[in-house]
Amino acid sequence: MGVHVVADEAIQITPALREAADSLTLLPGASICSSDLSYADVLLVRTVTTVDQRLLDGTPVSRVGTATAGFDHLDTDYLDRNNITWASAPGVNARAVVEYVLSVLAHMDALKTITAGGLIGILGYGQVGRLLAQVVEALGGKALVWDPWAHVPERLRAVSLEDLLAAPIISLHASLHRQDPWPSAGLIDCRLARRLSSQQILINAARGPLVSAEALQVLIDRGVRLALDTWPEEPLIGVQQLEGVELATSHIAGYSLEAKRRATDSLVAALWPNEDVSVHVYDDVEGDEVDLAGERWLERLLLSHYNPADDDTALRASGMPDVCPRDFERLRTSYALRRELWGSTKVTEDEPDIAVRKILDALGVSLRIER
């Protein structure tokens, strides 16, 4: 008997997974139930599937993977007690999320403040937070970080969360948990929300419940410029929330083709550690022309590659007037995966100056000069 895999249909099916699995069943992640797992050895999910005793009891599942960085939807205590191997995919979408944040700032006409030496506050210093801080500094900006669970370099470390929330731009990248003494669930509550003003931008491309629903309403009432990819009561978005947010997307910040591939391949490596599974090299990124002239070249580069306004339009169009869970999940499962700038090659006629080269290097973009 071979290894039978049941997987969320929205997970990227890579050559490595096809090689590792003897048979593969793809199902809508939100509706996977115990009866679907009667013959499953491996279960691969996303955040929409809660993996716990109720789902797995009486099934032969011995390995569970989530193609996401967060794993609060897995009952890891239950998995450990029952000797079920589990794995997540931390960091695989870090580049996609950082590019999303930069594109959001470009769309909101705020990226120029970063390149002019401006400050961004980063909540969370995991793989996304670290990469964002690194890129911001390469762009000429300053990063201020708060994360009591991580070692943050002194030059980046905020004195307190309140200190971080005074930054003109705030980007949330903490994991979601309830572990004392610094639980992150509901971390931005009404008290902290009242510290923000209409002169500030808050981006949440991490987990929605980092900001409580009540705090989100306070932020809206105070006129804070909000860009939300994740929502407090996701997958439900109320009409007042949708109307009060400047930029609204459907939890797709990490949805690049490259991130999806990396997530699947990392799970194969973790869940089939003794198998000789081939490492597939992807080389299907083609170069296109880029205009590096003028002060706004970086905004043009980012928005021509990915414009979050398109995803904002799609999410708002699904509101009737609320966005219901079915439509929210439909937007995610049918999402046309974008490509990452990182690893791409752009074609230009003229050799750029050193400052432009430095920024392109920070973004992982190669240049080919064609005169």
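Analyst: A salt bridge is a side-chain nitrogen of Lys or Arg within 4 Å of a carboxyl oxygen of Asp or Glu. Keep in mind that this is a predicted model. Searching the whole structure turns up 18 salt bridges. Here are some of them.

Start with Arg339 and Glu258. Their closest N and O atoms are 2.8 Å apart. Arg339 sits in the loop between α14 (325-333) and β13 (345-348), while Glu258 belongs to helix α11 (residues 257-271), so this pair ties together parts that are 81 residues apart in sequence. How exposed is each partner? Arg339 has a relative accessibility of 27%, so Arg339 counts as partly exposed. Glu258 has 11%, so Glu258 is buried.

Next come Arg357 and Glu351. Their side chains meet in a salt bridge of 3.0 Å, N to O. Arg357 is partly exposed at 27% relative accessibility. Glu351 is also partly exposed, at 46%. Elsewhere, bridges that share partners form a network: Asp8, Arg46, Glu329 and Arg332 are joined in this way.

The peptide bond from Met320 to Pro321 is cis, with omega near -10°. There is another cis bond to look at. Glu234 and Pro235 are joined by one, with omega about 15°. Pro235 lies in the loop between β10 (225-228) and α10 (239-244).

Now turn to Arg296 and Glu299. In this salt bridge the closest N and O atoms are 3.3 Å apart. Arg296 is partly exposed, with a relative accessible area of 36%. Glu299 is buried at 9%; the cut-off for buried is under 20%. Glu299 is part of helix α12 (residues 297-305). Which residues touch Glu299, apart from its neighbours within four places in sequence? They are Ala106, Leu111 and Lys112. By contrast, Ala213 is 86 residues from Glu299 in sequence and 32 Å from it in space, C-alpha to C-alpha.

Those contacts point to another region of the chain. Between α4 and α5 (111-115) runs a loop that holds Asp109. Asp109 has a positive phi, near 60°, although Asp109 is a residue other than glycine. Its relative accessible area is 37%, so Asp109 is partly exposed. Asn83 also has a positive phi without being a glycine, at about 55°. Asn83 is placed in the loop between α3 (76-81) and β5 (85-87). With 69% relative accessibility, Asn83 counts as exposed.

Finish with the packing of α4. Two packed helices are described by the angle between their axes and the distance between the axes. The axes of helix α4 (residues 94-107) and helix α6 (residues 127-138) come within 9 Å and cross at roughly 50°. That angle makes α4 oblique to α6. The crossing is right-handed. On the α4 side, the contact is made by Ala94, Arg95, Val97, Val98, Val101 and Leu102. On the α6 side, the residues are Gln127, Val128, Leu131, Leu132 and Val135. What kinds of residue make up this contact? Nine are nonpolar, one is polar and one is charged.

Terms used: Residues numbered from 1 in each chain as written. Predicted model: local features only at pLDDT ≥ 70, side-chain atom pairs only at ≥ 80, totals over all residues. Heavy atoms only, no water. Helix = DSSP H or I, 4+ residues; strand = E, 2+ residues; numbered from the N terminus. Buried < 20%, exposed > 50% of the residue type's maximum accessible area, 1.4 Å probe, protein only. Axes fitted to C-alpha atoms, helices over the stretch in contact; angles between N-to-C directions. Parallel < 35°, antiparallel > 145°, perpendicular 65-115°, else oblique. Left-handed = near helix turned anticlockwise from the far one by under 90°. Contact = heavy atoms within 4.5 Å. Nonpolar A, V, L, I, M, F, W, Y, C, P; charged D, E, K, R; others polar.
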